[in-house]
Amino acid sequence: MNKRVDKSEAEWRAELTPEQFRVCRRKGTERAFSGSYHDCHDEGTYRCVCCGQGLYDARAKFDSGTGWPSFWEAVVPGAVRYVEDHSLFMRRVEVVCSACDAHLGHVFEDGPAPTGMRHCINSVALRLDPREPGGE
């Protein structure tokens, strides 16, 4: 995992697109079915768009039908952190990058085996680092 990444708001604004900043640094959400990875089936590692930390392996991705990329587990324990979220008059669990605190999405307990979890993640918060077919 990456070392801790702390930057000022001005630094994040300079490095990210306006949409990436809105979602990752302001806890926004992209529209369902609008992101580039919701229907992506490429192999590789999904990384944090803010700091590059590896977050999810494409092998843990599944089609949840929600319109956002969904994963049943992070690439390694500790890659993401979970934060209680009581916004919008709901009780949810937010998923953030453990290295830079970027808002990624939310986790729900309605996913497939083996974990039963659904990490519902904004495409704009991710960058896919492709893996060659058959490669590790």
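Q: Leaving aside neighbours within four places in sequence, which residues is Tyr 56 in contact with?
A: The model is a predicted one. Beyond its neighbours within four places in sequence, Tyr 56 is in contact with Gly 44, Thr 45, Tyr 46, Phe 71, Glu 73, Ala 74, Val 75, Val 80, Val 95, His 119 and Ile 121.

Q: Which residues touch the most other members of the largest nonpolar core?
A: They are Tyr 46, Cys 50, Tyr 56, Cys 97 and Cys 100, in a core of 30 residues.

Q: Turning to the backbone, where is the cis peptide bond?
A: The bond from Ala 113 to Pro 114 is cis, and its omega is near 15 degrees. Pro 114 sits in the loop that links β7 to β8 (118-121).

Q: Which residues other than glycine have a positive phi?
A: Phe 33 is one of them, with a phi of about 65 degrees; Asp 101 is another, with phi near 65 degrees.

Q: Where are they in the fold?
A: Phe 33 belongs to the loop between α2 and β1, whereas Asp 101 is in the loop between β6 and β7.

Q: Why does Asp 101 count as partly exposed?
A: Asp 101 counts as partly exposed because its relative accessibility is 27%, and that class lies between the cut-offs of under 20% for buried and over 50% for exposed.

Terms used
Residues numbered from 1 in each chain as written. Predicted model: local features only at pLDDT ≥ 70, side-chain atom pairs only at ≥ 80, totals over all residues. Heavy atoms only, no water. Core = buried A, V, L, I, M, F, W, Y, C linked by side-chain atoms within 4.5 Å. Buried < 20%, exposed > 50% of the residue type's maximum accessible area, 1.4 Å probe, protein only. Contact = heavy atoms within 4.5 Å. Helix = DSSP H or I, 4+ residues; strand = E, 2+ residues; numbered from the N terminus.
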